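Welcome, and take a moment to settle in with the model.

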Amino acid sequence: MTVAQPQPEGLTFECETGNYHTFCPISCVAWLYQKIEDSFFLVIGTKTCGYFLQNAMGVMIFAEPRYAMAELEEGDISAKLNDYDELKRLCLQIKRDRNPSVIIWIGTCTTEIIKTDLEGLAPKLESEIGIPIVVARANGLDYAFTQGEDTVLAAMAARCPDKAPVAETEKNERNAIQKLLNFGKQKEDVAQEESEYANHPPLVLFGSLPDPVVTNLTLELKKQGIKVSGWLPAKRYTELPVLEEGYYVAGVNPFLSRTATTLMRRRKCKLIGAPFPIGPDGTRAWIEKICSVFNIEPKGLDEREAQIWASMEDYLQIVRGKSVFFMGDNLLEVSLARFLIRCGMTCPEIGIPYMDKRYQDAELRLLEKTCHEMGVPLPTIVEKPDNYNQIQRIYELKPDLVITGMAHANPLEARGINTKWSVEFTFAQMHGFTNARDILELVTRPLRRNNSLKDLGWDKLVKEDAKV
């Protein structure tokens, strides 16, 4: 007779010594240059960095992008050339051709290794050319490619104004979100809606999301009487949110721990430690936490969440009872695992390149609570996983789906293991109530593909080929 092993009371954390099989963090340029519409990104690195950007982003760009490479040649690396003069020439050319509101220098591994003093060069050059220059070191020494955004937002947080605008023109410049929400409304209606907001301290949200998702989350909080004072980043550099001491801030992504630290330490803001608005369960918990901090009684969330779960029933039938294994790639793993467990899946292991337990504390507690409520074993969280060991565990556990980086997807598929690229979740619109279905669309695609192949009798052909 086998004796059931007692379940651990809390989550189990392990740390291996594997390599980081992720994209380079300079890839954050791919989505940030589109989000900050009046920006220009100058990546300062070697030809290898240029090749990476050209290959990684060439597939998704259909118009002339607002980024460029400042390539370090052998002469630069041996310090024979003048960095300042060359960067000045490039920035003047950018100003003449594009006239952006801000130039963001992305320092790569090479600038770190040869100790290029970008932070020292930027202020002098900024005063000469008359355009703000923000320095962000989004290099391959980071754990995950999504942390490139974290570095850029942390650098931009230092540039946010510390006083609310006084002049009417300045106010209008910085009220892009309100303009969007109030488009086409009469002044009387706008005044009526403003009076419906609760009296609470200013709230700024941070994390780069597509405009429809920004509008959606802003409206969800508006239903609770909570007014969003601004987003970091804003659509335009000139619309960066005001950050005074004592302002409240809340993040929307799990990989923004450096930005959160900067906002707390340098800008003296108060961080709302909430789960992240991924999936209907996470979105509800995120809204409830913000409401609780402002002493507001949330309303209508039960019905809102139930409505979303009901609308996803066709997808939920596919994933219920299935198992998912995360190899670790983009730092979204814990949030996605928590949502999929709520959908009825089991998750034996969550691999993650880097875990900031303080910043993800609320998310980890929600994951634990979700596992208890769904009656499934708690997953093991493996930081910096060794992929060789992970492959052995995958063979042993035989999960129905492995969510992994692009480097491992094809080799796993060749061994008969269903995979999904984790990078697809990075670029998908998946935050908030309305986008939860999109997460399941991605997750179920390989499972639905297999069902279709079975209907065609493909699985029988594969077995016969294997015998031959």
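Between which domains does the second largest cavity lie? Domain 2 (196-292) and domain 3 (303-454) both give residues to its lining, so the second largest cavity lies between them; the domain bounds come from an automatic or database domain assignment. Before going on, please note that this is a predicted model, in which local features need pLDDT of at least 70 and side-chain atom pairs count only at pLDDT 80 or more, while totals for chains, interfaces and linings use all residues. Residues are numbered from 1 along each chain as its sequence is written, and side-chain values use heavy atoms, with hydrogens and water left out.

Rolling a probe the size of a water molecule over the atoms shows where empty space is left. Here a cavity is a set of points, on a 1 Å grid over the protein atoms alone, where a 1.4 Å probe fits but cannot get out, and lining residues have an atom within 4 Å of a point. Grid points are joined across faces, edges and corners, and a volume is the space filled by probe spheres set on the points. Searching the whole structure gives three cavities of 30 Å³ or more.

Now look at the rings. Rings of Phe, Tyr and Trp (its six-membered ring) pair if their centres lie within 6.5 Å; planes under 30 degrees apart count as stacked, over 60 as edge-to-face and the rest as tilted. This rule gives nine aromatic pairs. In one of them, the ring centres of Phe23 and Phe145 are 5.6 Å apart and the planes stand at 75°, so the pair is edge-to-face. Phe23 lies in the loop between strand E1 (12-15) and helix H1 (29-35), and Phe145 in the loop between strand E5 (133-136) and helix H7 (147-157), so the pair ties together parts that are 122 residues apart in sequence. Helices (H or I, at least four residues) and strands (E, at least two) are DSSP runs, numbered from the N terminus. Phe23 is partly exposed, at 32% relative accessible area, whereas Phe145 is buried at 1%; buried means under 20%, exposed over 50% and partly exposed in between (1.4 Å probe, protein chains only).

Finally, the backbone. Most residues other than glycine have a negative phi, and most peptide bonds are trans. Lys115 has a positive phi, near 60°; this residue is in the loop between helix H5 (109-113) and helix H6 (118-129) and is exposed, at 69%. Leu232 and Pro233 are joined by a cis peptide bond, with omega about 5°.

Terms used: On a 1 Å grid over the protein atoms alone, a cavity is a set of points where a 1.4 Å probe fits but cannot get out, and a pocket is an open set with protein on both sides within 12 Å along at least five of seven lines; lining residues have an atom within 4 Å of a point.
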